[in-house]
Amino acid sequence: LAYAVAEFAEKRANLATEALNRAQEDERASRALVNAGREADLRAVQANAATTAAQADLESARADVSEALVRLSGLVGARQSYTGVSQSLLDMAAMLKPPPIEPLSTSPAVRAAEAARNAVAQRVTVERTRATPDITVSLGFRRLAGENANTVVAGVAVPLPLFNNNSGAIATASAELAAADARLNAARLNAEADWRVASSQALAADRRLSATAEAEAAANEAYRLGRVGYDAGRTPLVELLAA
């Protein structure tokens, strides 16, 4: 996301540069007409105001680029801030198709919930194991001084859980396991919902991009015609600035 934001900021700065160049060309054309006596001085002032506004937009866009690159550099731990991005992530993403829903198991939230659920399941196994009697076998040697002999001593201890079979701990761990299963199921549902929302947003963004591309082509043509008309003295400056 930080990379895409940095790339977007650079593209916006490039557009602001183009807008400034156009505004400067319009200002030069208006001043030429004013000097030739074909336009009033007000037209040159209006054109200069448009150039100043375009310059301000460019400086704001450049500041956004610097901020985006600083954030990106901080995320990757770079000691020096990046000066730009090389490859286009936005163009690459435009060629990718949305992945199927199956890979939702790789979601960080789902994987974390699965790990927590498995840990609780292990605790249940441990508590159930503690309910089984722990048999202890001992073996040793003993010296009988009176008879001047050695003897082997062996023993077996088998605890009988008559009053405590660890049922409380097992019930607690089982309840925690049920809660972990519920959290895992909720994480999967949330991940699937997020995927569907993101997929619909991506589709809507593609449609907006197509519509905007058509609007951009129409705006460029309108500006071209307005500039031709203004240079020929048929179109007022107000219409050219609007275009």
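A crossing is called left-handed if the near helix is turned anticlockwise from the far one by less than a right angle, and right-handed if clockwise. Keep that handy for the first exercise; the model here is a predicted one.

**Exercise 1.** Work out how helix 1 and helix 2 are arranged relative to each other.

*Solution.* Start with the geometry: helix 1 (residues 2-35) packs on helix 2 (residues 41-76) at an angle of about 165°, and the axes lie 8 Å apart. Angles over 145 degrees count as roughly antiparallel, and the pair is therefore roughly antiparallel. Next, the handedness: helix 1 makes a left-handed crossing with helix 2. Last, look at what sits in this contact: 22 nonpolar residues, seven polar and nine charged.

**Exercise 2.** Compare the span of helix 4, and then that of helix 5, with what is expected at 1.5 Å a residue.

*Solution.* Take helix 4 (residues 108-130) to begin with: its 23 residues reach 33 Å from first C-alpha to last, close to the expected 33 Å. Now helix 5: with 65 residues, this helix reaches 93 Å, close to the expected 96 Å. Just past the end of helix 5, Gly-233 has a positive phi of about 80°.

**Exercise 3.** Find the buried residues of helix 4 and helix 5, and say what they pack against.

*Solution.* In helix 4, pick out Val-110, Ala-113, Val-120, Ala-121, Val-124 and Glu-127 as buried. These buried residues pack against helix 5 (167-231). Turning to helix 5, its buried residues include Ile-170, Leu-177, Leu-184, Tyr-223, Arg-227 and Tyr-230. Their cover includes helix 1, helix 4 and helix 6 (237-242).

Technical notes: Residues numbered from 1 in each chain as written. Predicted model: local features only at pLDDT ≥ 70, side-chain atom pairs only at ≥ 80, totals over all residues. Heavy atoms only, no water. Helix = DSSP H or I, 4+ residues; strand = E, 2+ residues; numbered from the N terminus. Expected span 1.5 Å × (residues − 1). Buried < 20%, exposed > 50% of the residue type's maximum accessible area, 1.4 Å probe, protein only. Contact = heavy atoms within 4.5 Å. Axes fitted to C-alpha atoms, helices over the stretch in contact; angles between N-to-C directions. Parallel < 35°, antiparallel > 145°, perpendicular 65-115°, else oblique. Nonpolar A, V, L, I, M, F, W, Y, C, P; charged D, E, K, R; others polar.
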